[in-house]
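The sequence and structure come first, and the notes follow by topic.

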Amino acid sequence: MPITIPKSLLLVPKIPSIAVVGLLAAQFLILQSIGGTEPKCTLNVERPHYSTSLSENQNIDAIKLNITSICNVSQKYTQLSASIQKIKNNREITAYSFVNERRSSTTKSPNVASFKELFGPCQKGVSAAYRGTAQGYVYLENGKKLAVKGDSGKFVAAGCLIGAQ
């Protein structure tokens with residue numbers, strides 16, 4: 001005689017599956033409208049480098065600094081003050097500064113604002129160690145304003161010397 005195992009009452013659904021899915025979707029929408037995710041923005045400050053594109057296209061010798069502001073929500077624009085720091089006589093000094101630079105996000109990338117035109121003219125052939133720093137604010141589409149700050153990390157040598165400003 002075969003052995004039969006009765007179904008557990010715990011395994012039998014009492015609410016139809018479609019109703020459970022609907023309740024989960026409603027809960028998700030309610031939490032999103034309340035503000036489920038906290039807006040966060042970061043700055044990606046790349047290391048300063050000799051710009052071959054400026055040299056080839058515009059005949060300018062320059063140290064270039066690229067910065068990208070990235071958020072987990074849409075932003076209107078980012079406004080920064082940035083600088084290229086260098087080592088001179090074993091001290092860190094500002095070689096070039098950029099004040100109140102402002103870049104908007106694009107329709108294609110509403111969470112990103114890019115700073116690709118920051119550069120300081122330099123004397124090619126003389127090496128110096130540089131790093132980039134930046135601080136400012138991101139203005140979000142929802143009206144909030146977030147402070148951001150970042151740097152490129154260690155000083156890295158580039159074959160071009162930015163003179164005194």
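A search of the whole structure finds two disulfides, a disulfide being a pair of cysteine sulfur atoms within 2.5 Å. With the bonded cysteines of the chain numbered in sequence order, the pairing is 1-2, 3-4. The model is predicted: local features need pLDDT of at least 70, side-chain atom pairs count only at pLDDT 80 or more, and totals for chains, interfaces and linings use all residues. Residues are numbered from 1 along each chain as its sequence is written, and side-chain values use heavy atoms, with hydrogens and water left out.

**Disulfide Cys41–Cys71**

- Cys41 is joined to Cys71 by a disulfide with an S to S distance of 2.1 Å.
- The torsion about the S-S bond of Cys41 and Cys71 is about 110°, so this disulfide is right-handed.
- Because Cys41 lies in strand 1 and Cys71 in strand 3, the pair ties together parts that are 30 residues apart in sequence; strands (E, at least two residues) are DSSP runs, numbered from the N terminus.
- Both Cys41 and Cys71 are buried, where buried means under 20% relative accessible area, exposed over 50% and partly exposed in between (1.4 Å probe, protein chains only).

**Disulfide Cys122–Cys160**

- A disulfide also joins Cys122 to Cys160, with S to S at 1.7 Å.
- The S-S torsion of Cys122 and Cys160 is about 90°, so this disulfide too is right-handed.
- Cys122 lies in the loop between strand 6 and strand 7 and Cys160 in strand 9, so the pair ties together parts that are 38 residues apart in sequence.
- Cys122 and Cys160 are both buried.

**Pairing of strand 3**

- Strand 3 pairs with strand 1 in the antiparallel sense over five bridges; two strands pair if DSSP finds at least two bridges between them.
- Strand 2 (residues 49–50) runs antiparallel to strand 3 and is joined to strand 3 by two bridges.
- His49 stands opposite Lys64 in strand 3.
- Strand 3 and strand 6 also run antiparallel, joined by eight bridges.
- The bridge partner of Lys64 in strand 6 is Phe119.

**Burial in strand 3**

- Nine of the ten residues of strand 3 are buried, and the strand is mostly covered.
- Asn66 is found in strand 3.
- Asn66 counts as buried because its relative accessibility is 9%.
- Leaving out residues up to four places away in sequence, Asn66 touches Asn44, Val45, Glu46, His49, Phe115 and Lys116, contact meaning heavy atoms within 4.5 Å.

**Nonpolar core**

- The largest nonpolar core has 26 residues, of which Ile63, Leu65, Ile67 and Tyr130 touch the most other members; such a core is a set of buried Ala, Val, Leu, Ile, Met, Phe, Trp, Tyr and Cys residues joined through side-chain atoms within 4.5 Å.
- Strands that each supply at least two residues of this core include strand 1 (41–45), strand 3 (62–71), strand 6 (112–121) and strand 7 (123–140).
- Strand 7 gives the largest share of this core, five residues.
- Ile67 touches Leu43, Asn44, Val45, Leu80, Ala82, Ala113, Ser114, Phe115, Leu118 and Ala134, again not counting residues up to four places away in sequence.

Terms used
Helices (H or I, at least four residues) and strands (E, at least two) are DSSP runs, numbered from the N terminus.
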